[in-house]
Amino acid sequence: MVLSIIQVSMFENPVSKMKLSDLMKATKQFSKENIIATGRTGTMYRAVLPDGSFLAVKRLQDSQHSESQFTSEMKTLGQVRNRNLVPLLGFCIAKKEKLLVYKHTPKGSLYDQLHEEGNDCKMDWPLRLRIGIGAAKGLAYLHHTCNPRILHRNISSKCILLDDDYEPKISDFGLARLMNPLDTHLSTFVNGEFGDIGYVAPEYGSTLVATPKGDVYSFGVVLLELITGERPTQVSTAPDNFRGNLVEWITYLSNNSILQDSIDKSLIGKDNDSELMQFLKVACSCTVTTAKERPTMFEVYQLLRAIGEKYHFSAGDDMMLPPLSTDGETPDELIVAM
């Protein structure tokens, strides 16, 4: 594949500007068989290069950005580098097409691993805990360490991708726009959509404002998926007359003092029951109705890391944060992911 490298001073690493013809060839003309995932912002395709290596290509839909705006946002995204984020490798602007190119993650999404029928992977507790800790670290990095800091705004188990070693990588923070603090009272959603059903914080319906605590709520739903094995909108263990989502089911169980009944039965009785309940309580704290009562993402990461301390998942890899970055309020400047 022929790549034209654009060196931009803001980039920590050069990001490739790629030809549409090359990407079309690598994805077999964006064929259905190469679709990895479809989401609110577009469709992700598997791309095979001439040397046999793989990339992931996101074909954006309904992007209203001009070429200069798009390129400017690529400059910002090019700086974002963290072990638990899918790095942007390149982009393409051609006619109405706007494409993002990422490193391919062979194990697909966390959603696929947890919920897809016929999936041979049986995720044990240490693996689920490691994924939760790594994903929390990636999102905490976006919230607290990036400058300007970043809101994801569309967190779900479908945008947490897994590499060969099941290391979680957050994707789909894709296009981003800088947000002036004076504009935070305005609707920040794209095309009137709030994100994937089952992950949207309850306050969004009335405020129409993306906040860090909204991301925390969505991430809490992901944690509930990990600990219960249930889908965010369909609870297989609930009675037939129950019509609520996963958070509502957890709330019902908690109110009836049977919260432990929500834990995936395949995880119980293996000397980890205390860890399971601690993890479940962290997830519940993220999904409380009142946004101010939710922890920050840095606090979520620290709580999960403490649960997994004996496994040494994060040994020598602690996350450093700047002062005053854990208050949970909307920072002076945010990049709001689209």
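**Salt bridges in a predicted model**

Q: Is Glu 167 buried or exposed here?
A: Glu 167 counts as buried, because its relative accessibility is 10% and the cut-off for buried is under 20%. Keep in mind that this is a predicted model.

Q: And Arg 130, what's its relative accessible area?
A: The value is 22%, which makes Arg 130 partly exposed.

Q: Which residue does Arg 130 form a salt bridge with?
A: Its partner is Glu 167, and the closest N and O atoms are 3.3 Å apart.

Q: OK, what about Glu 97, which side chain does it meet?
A: Glu 97 meets Arg 59 in a salt bridge, at 2.6 Å from N to O. Glu 97 belongs to strand β7 (residues 97–103) and Arg 59 to strand β5 (residues 54–60), 38 residues apart.

Q: Buried or exposed, that Glu 97?
A: Glu 97 is buried, at 18% relative accessibility. Arg 59 is partly exposed, at 28%.

Q: New topic: what does Glu 203 pair with?
A: Glu 203 forms a salt bridge with Arg 294 (2.8 Å, N to O). Both are in loops: Glu 203 between β11 (176–179) and α5 (204–207), Arg 294 between α8 (273–286) and α9 (297–307). They are 91 residues apart, and both are buried.

Q: Which residues do shared partners join into one network?
A: Arg 83, Arg 130 and Glu 167.

Conventions: Residues numbered from 1 in each chain as written. Predicted model: local features only at pLDDT ≥ 70, side-chain atom pairs only at ≥ 80, totals over all residues. Heavy atoms only, no water. Salt bridge = Lys/Arg side-chain N within 4 Å of Asp/Glu carboxyl O. Helix = DSSP H or I, 4+ residues; strand = E, 2+ residues; numbered from the N terminus. Buried < 20%, exposed > 50% of the residue type's maximum accessible area, 1.4 Å probe, protein only.
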